[in-house]
Amino acid sequence: MPSYLERVYWWAYVHPRAVQTFERGWLVNAILFGNYARLSDAAIKDLTEPSGQGQAMPNRTLQVACVYGNLTARLQQALAPQAQLDVLDILPVQLENLGRKLPPSEQLRLLHGDSSALPAANASYEQVLMFFLLHEQPEAVRRASLAEGLRVLKPGGKLVIVDYHRPAAWHPLRPLMRLVFKWLEPFAMDLWRHEVTSFLPAQDPPLKVEKHLYFGGLYQKLVIRR
């Protein structure tokens with residue numbers, strides 16, 4: 001386990017009681033000021049494509065880090081018949097928690113591993129999802145995670161990122177979020193000071209980036225295509 005994770009986030013992810021506390025849909029939604037479903041919908045929309053039965057997730061998708069709430073369950077339900085969803089996390093307690101929430105399926109794999117050194121071959125996934133992961137990582141780890149996410153993408157694949165963003169100057173929650181980040185999320189201000197794209201490795205040809213803001217700019221979604 002990385003030392004920063006145990007030192008900074010023991011209360012949210014590492015301790016078994018943390019899992020018991022935060023694995024509540026209403027609490028996750030409250031932490032995101034009622035935006036959990038909206039942000040989950042936005043991510044799922046970009047990970048699915050039209051199929052004979054509506055929208056479905058095709059081929060191979062990697063979710064980097066477990067997520068409290070029902071996001072992964074919804075992704076599993078959206079899988080096309082031959083599609084595969086892999087979920088990777090560095091914490092066994094998080095993988096165990098997620099496994100209890102999801103029905104067993106040959107289309108789903110829970111993998112123990114590090115986002116900054118993914119146990120996957122180059123160009124092995126069509127899609128990669130990072131949902132509120134980057135703000136929890138020191139810069140060096142964040143850069144490595146993004147580089148790894150791009151490495152395992154196939155040509156033409158997409159990296160979908162949902163995370164914090166610097167809100168508009170008028171946003172009433174801006175002072176509160178500064179305090180939250182100062183005391184509980186010491187790496188999150190990086191995403192206020194810098195664009196996520198500034199942490200990406202140089203690519204040739206250049207990456208294609210789509211950016212959308214939500215809730216007065218407090219949250220962002222990026223779709224990065226190779």
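The legends below describe close-up views of a predicted model.

Local features are taken at pLDDT of at least 70 and side-chain atom pairs at pLDDT 80 or more, while totals for chains, interfaces and linings use all residues. Numbering starts from 1 along each chain as its sequence is written, and side-chain values use heavy atoms, without hydrogens and water.

**View 1. Phe-22 and Tyr-68 form a stacked ring pair.**
Rings of Phe, Tyr and Trp (its six-membered ring) pair if their centres lie within 6.5 Å; planes under 30 degrees apart are stacked, over 60 edge-to-face, and the rest tilted. The count by this rule is 15 aromatic pairs. In one of them, Phe-22 and Tyr-68 have ring centres 6.1 Å apart and planes at 15°, so this pair is stacked. Phe-22 belongs to helix H2 (residues 16–22), and Tyr-68 to the loop between strand S3 (60–64) and helix H5 (71–77), so the contact ties together parts 46 residues apart in sequence. Helices (H or I, at least four residues) and strands (E, at least two) are DSSP runs, numbered from the N terminus. Both Phe-22 and Tyr-68 are buried. Buried means under 20% relative accessible area, exposed over 50%, and partly exposed in between (1.4 Å probe, protein chains only).

**View 2. Ring pairs build an aromatic cluster.**
The members are Phe-33, Tyr-36, Phe-131, Phe-132, Tyr-164, Phe-181, Trp-192, Phe-215 and Tyr-219. Phe-33 lies in the loop between H3 and H4. At 29% relative accessibility, Phe-33 is partly exposed. Its phi is positive, about 55°, although Phe-33 is not a glycine. Most residues other than glycine have a negative phi.

**View 3. Helix H4 spans residues 36–47.**
H4 has 12 residues and reaches 17 Å from its first C-alpha to its last. That is close to the 16 Å expected at 1.5 Å a residue, where the expected span is 1.5 Å times one less than the number of residues. Buried positions in H4 are Tyr-36, Leu-39, Ser-40, Ala-42, Ala-43, Ile-44, Asp-46 and Leu-47.

**View 4. Two arginines sit over aromatic rings.**
A charge sits over a ring if NZ of Lys or CZ of Arg is within 6 Å of the ring centre and within 35 degrees of the ring normal. The charged end of Arg-60 is 4.4 Å from the ring centre of Tyr-125. Arg-142 lies over the face of Phe-199, 4.7 Å from the ring centre.

**View 5. The largest pocket holds about 820 Å³ of space.**
Helix H1 (3–14), helix H3 (25–31), strand S4 (84–89) and helix H8 (174–184) each give two or more residues to the lining. H1 gives the most, with 6 residues. The lining divides into 31 nonpolar, 5 polar and 4 charged residues. Ala, Val, Leu, Ile, Met, Phe, Trp, Tyr, Cys and Pro count as nonpolar, Asp, Glu, Lys and Arg as charged, and the others, Gly among them, as polar. On a 1 Å grid over the protein atoms alone, a pocket is an open set of points with protein on both sides within 12 Å along at least five of seven lines; a cavity is a set where a 1.4 Å probe fits but cannot get out. Lining residues have an atom within 4 Å of a point. Points are joined across faces, edges and corners, and a volume is the space filled by probe spheres set on them.

**View 6. The largest cavity has a nonpolar lining.**
There is 1 cavity of 30 Å³ or more. The largest cavity holds about 30 Å³ of space. Leu-62, Leu-88, Leu-111, Leu-118, Pro-119, Ala-120 and Tyr-125 line this cavity. They count as 7 nonpolar, no polar and no charged.

**View 7. Ala-123 has a positive phi of about 50°.**
Ala-123 is not a glycine. This residue is in the loop between strand S5 (108–112) and S6. With a relative accessible area of 33%, Ala-123 is partly exposed.

**View 8. Gln-137 and Met-130 are buried, whereas Gly-156 is exposed.**
Gln-137 lies in the loop between S6 and helix H7 (139–151). Its relative accessibility is 2%. The C-alpha atoms of Gln-137 and Tyr-4, 133 residues apart along the chain, are separated by 8.2 Å. Met-130 is in strand S6 (residues 125–131), at 1% relative accessibility. Gly-156 is in strand S7 (residues 153–164), with a relative accessible area of 53%.
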